[in-house]
Amino acid sequence: MQLRWRHTAPWILGWAVLALAGGAALVRWDIAQRRDAFATDARIVHRLLSQRAVEIDATLATLSLLDTTAGAADAAQRLPALHPTVLRVLRRAGDAAWSEASLEAALRDAEPMSRRDRRAVLAAIDAARGHYVLVLAGAAGLSHALVVDAARLVDADTWPLARDGPVRVELRHGAAVLVLQPGADRAARPLGLTPGFVAAKTLDAPSQPFELHLQRATGPAQWPWAALVAWVLVSATLVGAAAAVQRQRTARRRAEDLLRLGQVARLNTLGEMAAGLAHELNQPLAAVLANAQAARRRLAGASLASPRDTADPGDDDDDLAQAHEAIEQVVAQARRASDVVQRLRRSVEARGAPAALQPVALDATVRDALHLLDPRLRRDRIELTQALDAVTVTADPVALEQIVHNLLLNALQALEDTPAARRRLEVRTAMAGAGGVLTVADGGPGIPPELLPRLFQPFATAREGGLGLGLSLSETLAAGMGGSLAGGNRDGGGAEFRLVLPLAAARGAA
């Protein structure tokens with residue numbers, strides 16, 4: 001599980017980053033689109049309301065001009081029906097009172113300003129009812145006023161906003177607020193993540209200096225969730241495809257590295273086998289040669305000392321000559337075989353000589369070997385514990401890679417028939433004095449006691465079908481690099497091998 005999580009965690013993290021980054025970009029794009037649409041709607045609303053305000057000004061001015069003509073009173077009475085925005089028309093002549101006592105004080109206060117500026121002015125605002133009053137004082141002592149319903153300024157045919165939509169529209173003048181459209185409840189904005197979109201601009205009508213204020217609440221509820229879910233799925237598909245391609249490439253590189261390592265291992269194993277055979281054959285060949293030479297000398301002495309048989313001397317001479325010739329052939333062939341074995345041994349020794357030693361990161365070599373064996377670790381569900389300190393040793397990279405691979409592979413083979421609870425592999429690298437140490441320990445059955453004295457001898461193995469050359473080759477390679485390889489059983493069960501190589505710094509200092 002730990003190995004699987006270690007391999008999948010980077011991809012999951014990458015997918016999360018990609019999904020979040022893409023989601024954030026989608027949200028930002030959506031917010032920008034809604035902000036632009038909001039700004040466009042705000043400009044249209046401002047233009048429409050400014051036009052309605054100007055129309056009301058023109059209506060009031062026309063009413064004032066028509067007041068002196070016949071039928072003006074009747075026209076004033078019909079105005080609310082013709083102009084739905086106007087609720088009532090008020091009129092005052094001379095010192096008479098206004099027809100609505102509740103507006104008397106406000107209208108009388110506004111009349112001087114209207115007369116001075118020669119235009120309509122705002123006299124009163126009833127925020128609770130959503131009404132406001134305009135007054136226009138005429139030169140002949142006649143004054144007219146209009147009670148306007150602010151909500152009716154909105155024309156359903158040309159209004160760009162949905163009446164039950166999220167945009168709140170207000171007309172503000174000082175502390176007074178006339179609500180034209182309630183919009184979404186601002187208090188219900190989810191978590192208050194964003195302040196929303198706001199636009200404010202004064203109407204283009206001097207008589208009605210209202211500040212048009214628009215606000216649209218926004219938050220996660222307005223995000224494009226369908227697009228976000230689609231992006232999450234698409235990003236997961238992309239990351240999954242990339243992970244599959246990467247796994248294929250990794251598997252191909254791992255197979256190539258294992259093939260290369262296997263070829264090197266086979267060559268080294270053949271060399272170790274040839275060296276072992278040369279060593280084992282050298283002694284019996286030497287014995288054959290010595291005995292053949294002794295037999296030749298004895299035949300030569302026998303041929304001189306034996307009496308001649310005058311009856312048939314030719315037969316004995318022929319037999320002795322044939323025996324002497326056969327012994328000569330045995331001696332020649334034994335010498336030839338010995339020369340062949342010696343040449344083979346010298347060739348193997350020359351081939352097995354370590355290459356030029358160089359600084360090698362021991363911990364990196366171990367990580368590479370674990371990477372190659374990772375499928376087997378996961379397949380056999382082996383619990384891996386690794387503590388890889390940075391250690392640089394002086395070694396032949398290929399030989400060191402061969403040793404590490406042999407030690408790890410032996411440990412995995414030892415764990416094949418081990419109960420699942422004990423399938424543990426411990427790998428550690430550290431510095432000890434002037435050497436770098438690699439320790440490989442397993443929870444397997446351990447090394448048989450009878451095999452311990454000859455653990456690193458060729459052909460010594462406890463595994464069925466094994467050649468017993470891996471540890472022998474590893475020990476030879478380690479010794480060739482100025483290091484050592486030791487192995488034994490652990491007190492708690494299992495085997496432990498310890499490779500020691502000289503540190504690069506220590507060798508350089510020496």
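Predicted model: local features only at pLDDT ≥ 70, side-chain atom pairs only at ≥ 80, totals over all residues.
Student: What makes up the surroundings of A145?

Tutor: A145 is found in strand β4, residues 142-149. Leaving aside neighbours within four places in sequence, A145 is in contact with L60, R88, V89, L90, W98, L107, V133, L134 and V135. A contact here means heavy atoms within 4.5 Å.

Student: How far apart are A145 and R88 in sequence and in space?

Tutor: They are 57 residues apart in sequence. From C-alpha to C-alpha, A145 and R88 are 8.4 Å apart in space.

Student: Which strands form the open sheet with β4, and in what order?

Tutor: Four strands form it, in the order β1-β4-β3-β2. The pairing is antiparallel.

Student: What makes β1 and β2 edge strands?

Tutor: Each pairs on one side only. β1 covers residues 86-93, and β2 covers 121-126. From one strand to the next, the twist averages 20°.

Student: How do you know that β3 and β4 pair?

Tutor: Count the bridges. Two strands pair if there are at least two bridges between them. Strand β3, residues 131-137, and β4 have seven bridges, so they meet that rule. Their sense is antiparallel. For H131, the bridge partner in β4 is D149.

Student: Which helix packs on this sheet?

Tutor: Helix α3, residues 104-117, does. Helix α3 touches β1, β2, β3 and β4. The direction of α3 makes about 50° with that of β3.

Student: Where does H213 lie, and what does H213 touch?

Tutor: H213 lies in strand β8, residues 211-216. H213 touches R168, V169, E170, R172, V198, A199 and A200, not counting residues up to four places away in sequence.

Student: Which strands form the five-strand open sheet?

Tutor: The order is β10-β12-β13-β15-β14. The pairing is mixed.

Student: Why do β10 and β14 stand at the edges?

Tutor: Each has a single partner strand, so one side of each is left without a neighbour in the sheet. β10 spans 383-388. Neighbouring strands of this sheet are turned by 10° against each other on average, direction ignored.

Student: What makes the pairing mixed?

Tutor: Look at two pairs. β10 and strand β12, residues 424-432, run parallel and are joined by six bridges. Strand β14, residues 484-489, and strand β15, residues 495-502, run antiparallel, also with six bridges.

Student: How many residues lie between β14 and β15 in their hairpin?

Tutor: Five residues lie between them. In the turn, G493 has a positive phi of about 105°.

Student: Which helices pack on the five-strand sheet?

Tutor: Helix α8, residues 397-414, touches β12, β13, β14 and β15. The direction of α8 makes about 20° with that of β13. Helix α9, residues 470-480, touches β14 and β15. The direction of α9 makes about 140° with that of β14.

Student: What makes a set of residues a nonpolar core?

Tutor: The members must be buried nonpolar residues such as Leu or Val, joined through side-chain atoms within 4.5 Å. The largest such core has 40 residues. L400, L408, L425 and L438 have the most contacts inside it. The largest share, eight residues, comes from α8.

Student: What does L438 touch?

Tutor: Not counting residues up to four places away in sequence, L438 touches several residues, including L362, V366, V404, L407, V427 and F497. Apart from this core lies another, of 36 residues, among them L122, L136, F197 and A199.

Student: How much of the whole chain counts as buried?

Tutor: Of its 510 residues, 38% do. The chain has 10 helices and 15 strands.

Definitions and conventions:
Residues numbered from 1 in each chain as written. Heavy atoms only, no water. Helix = DSSP H or I, 4+ residues; strand = E, 2+ residues; numbered from the N terminus. Axes fitted to C-alpha atoms, helices over the stretch in contact; angles between N-to-C directions. Buried < 20%, exposed > 50% of the residue type's maximum accessible area, 1.4 Å probe, protein only.
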